[in-house]
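Keep the coordinates open as you go.

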Amino acid sequence: MSLSRLLPDSTLSLLARGYAWLPDRMRRTTGPLVRARLLGKPTVALRGPEAVRFVYDERHVRRGPALPEPVKSTLFGHGAVHTLDGEAHRVRKAMFLSLLKSPQNIAGLVGDATAAWDEAAARWAERERVVLFDEASRVLAGAVCRWAGVPLKEAEAESAARDLVAMVDGFATLGPRHWRARSARRRREAWLASLVEGVRDGSASVPEGSVVDVVARHVDADGERLDARTAAVEILNVLRPTVAVCWFVAFAAHALHRWPEHRARLAEEARTGAGHGFGGAYAEAFAHEVRRFYPFAPFIGGLAAADLTWRGEPAPRGALVLLDIHGQDHDPALWEDPYSFDPRRFLDRPPERDELIPQGGGDPATGHRCPGEDVTVALLTALSARLSLLEYDVPEQDLRIPLRRIPSRPRSGFVVANVRPPG
């Protein structure tokens with residue numbers, strides 16, 4: 001009998017402790033892995049660059065079958081690339097790589113986002129105060145829809161942003177947030193499925209090579225085009241994670257408020273044009289440190305594809321295998337003084353692929369690592385630089401970041417007042 005089957009179920013403990021649950025278990029464990037039970041299933045948890053390579057090897061772990069229905073119905077969508085393995089996953093993933101790894105495409109999206117940010121910042125100056133998390137979500141929603149070929153009127157940007165945020169905000173919880181996420185997904189899938197059908201029958205026109213155009217024309221591993229609903233799911237899997245960068249923007253503002261010494265260096269770099277308007281070396285290091293330091297994904301999981309052995313410890317076929325993302329990004333074996341916010345750690349060298357894993361690990365071309373990670377870094381680099389140039393007051397508010405809430409963010413959303421855009 002598996003040792004994990006003898007353990008009490010930890011699901012309620014995970015819900016109660018959030019991001020802290022698995023790192024705490026890791027600290028209390030002397031062996032190479034943590035054993036637990038989640039939702040009644042035997043579970044093992046690993047950490048470290050070697051563990052990343054082990055978990056992302058499909059001979060060891062299959063990601064698709066491990067995704068629970070609530071996550072598919074909120075975050076990823078049914079039939080999404082995340083639910084596939086093997087050749088089906090590689091063919092579908094290639095479509096995303098063609099869209100999200102091109103330097104030209106990334107520069108185009110960042111250009112749209114920074115232009116939208118500058119326009120929005122001018123409007124913020126006319127208001128007494130704004131919530132930066134909400135404003136960033138609207139900026140990003142409008143920019144990514146325009147870039148992706150999704151028609152979106154200015155009056156529709158707020159509701160679209162709200163729905164795209166809801167899908168992320170409600171995937172790992174029960175209650176109202178979760179049901180808002182389900183409703184938002186149903187609404188946006190129907191919206192985009194109608195657009196795909198229009199593109200295919202000629203009643204709607206989108207730019208050639210845009211996300212909508214590429215997804216509508218994509219031929220899957222079975223030689224068939226995606227049905228309109230699955231195509232909508234995959235378009236959302238470009239829009240949703242781009243808008244989710246608003247979490248990191250709020251964290252960047254939190255970091256600049258808590259450690260203001262970074263603002264001057266970011267602003268100086270931005271003013272001298274070192275990053276050609278998109279942020280330079282220090283802004284990119286700052287973006288990496290925001291992604292490492294602040295809580296985003298607690299872990300990823302998959303099912304053991306066979307009876308496995310990790311450093312002499314067995315894991316039975318079908319067991320849930322977790323990779324401790326939050327714990328690894330704060331592991332003192334990898335990061336000197338890991339609970340200190342210090343962008344300089346990324347100035348001397350870029351992060352190793354399987355060390356810094358806030359959006360997962362492995363090779364995005366062959367595994368399940370997020371293909372939009374370069375987009376996230378580029379957007380956060382550019383918006384952090386612009387944030388450093390923006391003058392504002394930070395009124396009294398609740399800036400705590402609760403670790404039991406997944407995904408977490410500053411409770412207030414980071415309120416700013418008396419905004420003064422750069423001249």
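Q: How many disulfides does the structure hold?
A: This is a predicted model. A disulfide needs two cysteine sulfur atoms within 2.5 Å. The sulfur of C246 has its closest cysteine sulfur in C145, 13 Å away, so the pair is too far for a bond. The count of disulfides is zero.

Q: Which cysteine sulfur is closest to the sulfur of C370?
A: The two sulfurs are 15 Å apart, which is too far for a bond. C370 itself is partly exposed, at 21% relative accessibility. The closest cysteine sulfur to that of C370 belongs to C246.

Q: Is C246 buried or exposed?
A: The cut-off for buried is under 20% relative accessible area. C246 has a value of 0%. Therefore C246 is buried.

Q: How are helix 12 and helix 14 oriented to each other?
A: Helix 12 spans residues 245-258 and helix 14 spans residues 281-293. Their axes lie 10 Å apart and pack at an angle of about 105°. Angles of 65 to 115 degrees count as roughly perpendicular. So helix 12 is, relative to helix 14, roughly perpendicular.

Q: Which residues of helix 14 make the contact with helix 12?
A: Helix 12 brings F248, F251, A252, A255 and L256 to the contact. The residues involved divide into seven nonpolar, no polar and one charged. From helix 14 come F286, V290 and R291.

Q: How many residues are in the largest nonpolar core?
A: W117, W124, V150, L239, W247, V290 and Y294 touch the most other members of this core. Leaving out residues up to four places away in sequence, W117 touches W124, L132, A136, V139, V249, L383, R386, L387 and L390. Another core, of 18 residues, lies apart and includes L46, Y56, V61 and I300. The largest nonpolar core has 97 residues.

Q: Which two residues does a cis peptide bond join?
A: Most peptide bonds are trans. Here one has an omega of about -10°. Its proline is in the loop between strand 9 (391-393) and strand 10 (415-420). The cis bond joins I406 and P407.

Q: Where is L39 placed?
A: Phi of L39 is near 50°, a positive value in a residue other than glycine. L39 is exposed, with a relative accessible area of 71%. Its place is the loop between strand 1 (34-38) and strand 2 (41-46).

Q: In which strand is N418 found?
A: N418 also has a positive phi, near 50°. Its relative accessible area is 43%, so N418 counts as partly exposed. N418 is found in strand 10.

Terms used:
Residues are numbered from 1 along each chain as its sequence is written. This is a predicted model: local features need pLDDT of at least 70, side-chain atom pairs count only at pLDDT 80 or more; totals for chains, interfaces and linings use all residues. Side-chain values use heavy atoms; hydrogens and water are left out. Axes are lines fitted to C-alpha atoms, for helices over the stretch in contact, and angles run from 0 to 180 degrees between N-to-C directions. Helices (H or I, at least four residues) and strands (E, at least two) are DSSP runs, numbered from the N terminus. Angles under 35 degrees count as roughly parallel, over 145 as roughly antiparallel, 65 to 115 as roughly perpendicular and the rest as oblique. Contact means heavy atoms within 4.5 Å. Ala, Val, Leu, Ile, Met, Phe, Trp, Tyr, Cys and Pro count as nonpolar, Asp, Glu, Lys and Arg as charged, and the others, Gly among them, as polar. Buried means under 20% relative accessible area, exposed over 50%, partly exposed in between (1.4 Å probe, protein chains only). A nonpolar core is a set of buried Ala, Val, Leu, Ile, Met, Phe, Trp, Tyr and Cys residues joined through side-chain atoms within 4.5 Å.
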